[in-house]
Each structure stands twice: as C-alpha cells, then as structure tokens.
Amino acid sequence: MKRKLSDLLRREFRFLARPLNLWSRLLLLVAAATIVTALYTTESGGFLWWRDEQFLSKTEFLKDLERIHILYQRHGYFDAELVSWEVAPSGDAVEVTLTVSEGEPTRVDTLAIEGLDLLNGEELTAEMRGRIPLQQDEVFNEPDLLTSRTLLENEFQNRGYVYATALLEYRIDKDERTASVTYSVDAGDQYYVGETRIEGYDPDDLDLIEGQLEFASGEVYDRQDILDSQRNLYELGLFRRVLIEPQLASVRGDTVDVLVSVAPAPTHVVRVGVGYGTEDRIRLRASWLDRNLLGIAVRPAAKLALEVL
C-alpha cells in the first residue's frame, strides 16, 4: 500500500558521533542537502490549485536507505552508518525521520599531477593545480575526483593538445582515513587550426558567421575558443542548431580542420494569442519578429494588443 505524502511530510537528518562547531555545522548542511536531492522519496508540492502529489513507495524507500550509504562513501565518509529510520503515519501523510552517524571523513593526504612539465612555467602549473576542485588535505570526494580529471584534460585541450587524456589512480586507506590520488596527463602532440569549413548556411550569412568565430587558421587549437564561437553563433538568434567540432580524422601533420555546421532558424516569426482576464475580458495579442533584417542580424519586433471589454 502506498501512502500519499502531503505538506506534512518531513525528512529530518540527525548527525551523531562528533561535536558540532560552526565549520562542521556548515559541512553537515551541505551533506544533508546533497542527500535530499539524491533520494527518490520526495515531498508533495505545488502552488495554489496545482498539486504535485508524491506517494511513498516501500520499494524505493528501502533503496533510498542504500543510496544514503553509497552517497556518503562517494563523499569521503566511509564509516557512515544509517543508525535508524522511522516512517510515522500522520493523517493521510507520513513523517520520515532518518538518523545518520557520519563518522570521520577520509582526507586527501597525497595529490600528485604528472605531466604538467609541458606547461613550461611554475606559475601556470600552480594556477592549474589551484583550479581543480580536489585539493590536498581536503575531504575526499568522488565527484570532485572525476571533475578534476575532466578539467585537467580541458586545460591541455585549450592549449592545442587535442588528444590530451588524464589517467586517474587513487587508493583509499580506510583505517588511516586517507586517500592517495595521482593524475597522469598524456598530452600527446600539440595541434594548430587547419582549414575551417562551414556548412548549412545561407550565402548571405557567411561574413556574419565568420565574424563570430574566435579561432583562425594557423592558431594553436583551443577548445575554449571552439565553445565560445558556438555560443556567439547561438546568441545571434539566427540558427536553431550550431555544432563546431574538430575533424580528428582529417589531421595532417600538426594541423586539425574544424567543421562549423549550422541550421537556420525561421527568418520571420509571427505569433498570435488569445487570453482572458477578469477586468479586461478578452485579450488578443499578435507579434512579428524578423531575425535578420538587412542581413546584419538586426532583429526588429512589433507587437499588437487588443482588449475587448
């Protein structure tokens, strides 16, 4: 049998086994918020007449109890235990209370990044180390562990190392509550932008498209320039799809070609709407938009509103 969760549903997290100071209170709040968003069991919600009713599923709730344990391990609390849980009926709702003993966290005592010698600069190397979320002496955190690997690869790809990969190795000592982490960056060769090919565009838009590109032939390939160029083209409002990607199959020597593929959005947009209000009764609205007036991405718009009392 499923019981409906109403506004009375309360999920309370109690943390035991260590004294609370201001800093640990902050950490606990973060942990609780992370748990709440990861659970399947959620509160009913809504606004005014609209309701989003949720039901308590025994199967999913029991899985939630397992998810809590796994979630704590991913965030460095390998000794965390679910001390108790209680589901108390309250009218047509239930109140759920979970009591968690976090235990002591596992901290990163060794963090090594191999392969940064290609950057040719101690200051740049230190800056890159500071950008990754996983830091030495901080609590081990699996999401930060994986995000740091991605950021390291991105940093090298922003400097022309198109095929850069970061290998990850880590060891957890549960008895000592320490983690040893090593990233090994295999940068590969550095590449430059070769030919840029543009597909799917209206011939009148070619100059406009080229003016939004942040990269040019002969420059060091920069992944961030690719992303910025894609955003620039989207922000014009002229295209419903934009894709810019290196043609890794067309690598010649130390150059890599880039393909810019676009799909135009409708040039003229006309919208008509009908509404009703208690004061002005019937409302008729119409709008017109030109996405590319005179071929220079100027977007004039006109709106007409008619109210019938």
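These legends accompany close-up views of a predicted model.

**View A. A patch of negative charge lies on the surface.** Six residues are labelled by name: Asp109, Asp137, Glu138, Asp173, Asp175 and Glu176 gather here. Asp175 sits in a loop, with strand 9 (165–173) on one side and strand 10 (178–186) on the other. Its relative accessible area is 72%. Asp175 therefore counts as exposed, since the cut-off is over 50%.

**View B. The largest nonpolar core holds 21 residues.** Phe156, Val181 and Tyr183 touch the most other members. Strand 8 (107–114), helix 4 (142–157) and strand 10 each contribute at least two residues to this core. Strand 10 gives the largest share, four residues. In soluble globular proteins, nonpolar side chains tend to be buried together.

**View C. Tyr234 and Val262 are 28 residues apart along the chain.** Their C-alpha atoms are separated by 9.5 Å. Tyr234 belongs to helix 6 (residues 223–235). The relative accessibility of Tyr234 is 38%.

**View D. Ser217 and Thr255 are 38 residues apart in sequence.** In space, the C-alpha to C-alpha distance between Ser217 and Thr255 is 9.0 Å. Ser217 is in the loop that runs between helix 5 (206–210) and helix 6. Ser217 has a relative accessible area of 58%, so this residue is exposed.

Notes. Residues are numbered from 1 along each chain as its sequence is written. This is a predicted model: local features need pLDDT of at least 70, side-chain atom pairs count only at pLDDT 80 or more; totals for chains, interfaces and linings use all residues. Side-chain values use heavy atoms; hydrogens and water are left out. Patches are made of residues with over 30% relative accessible area and no salt bridge: like charges are joined within 9 Å, nonpolar side chains (Val, Leu, Ile, Met, Phe, Trp, Tyr) within 5 Å. Accessible areas come from the Shrake-Rupley method with a 1.4 Å probe; for residues, only the protein chains shown count as cover. A salt bridge is a side-chain nitrogen of Lys or Arg within 4 Å of a carboxyl oxygen of Asp or Glu. Lys and Arg count as positive and Asp and Glu as negative; His and the chain ends are not counted. The place of a charge is taken as NZ of Lys, CZ of Arg, CG of Asp or CD of Glu. Buried means under 20% relative accessible area, exposed over 50%, partly exposed in between (1.4 Å probe, protein chains only). A nonpolar core is a set of buried Ala, Val, Leu, Ile, Met, Phe, Trp, Tyr and Cys residues joined through side-chain atoms within 4.5 Å.
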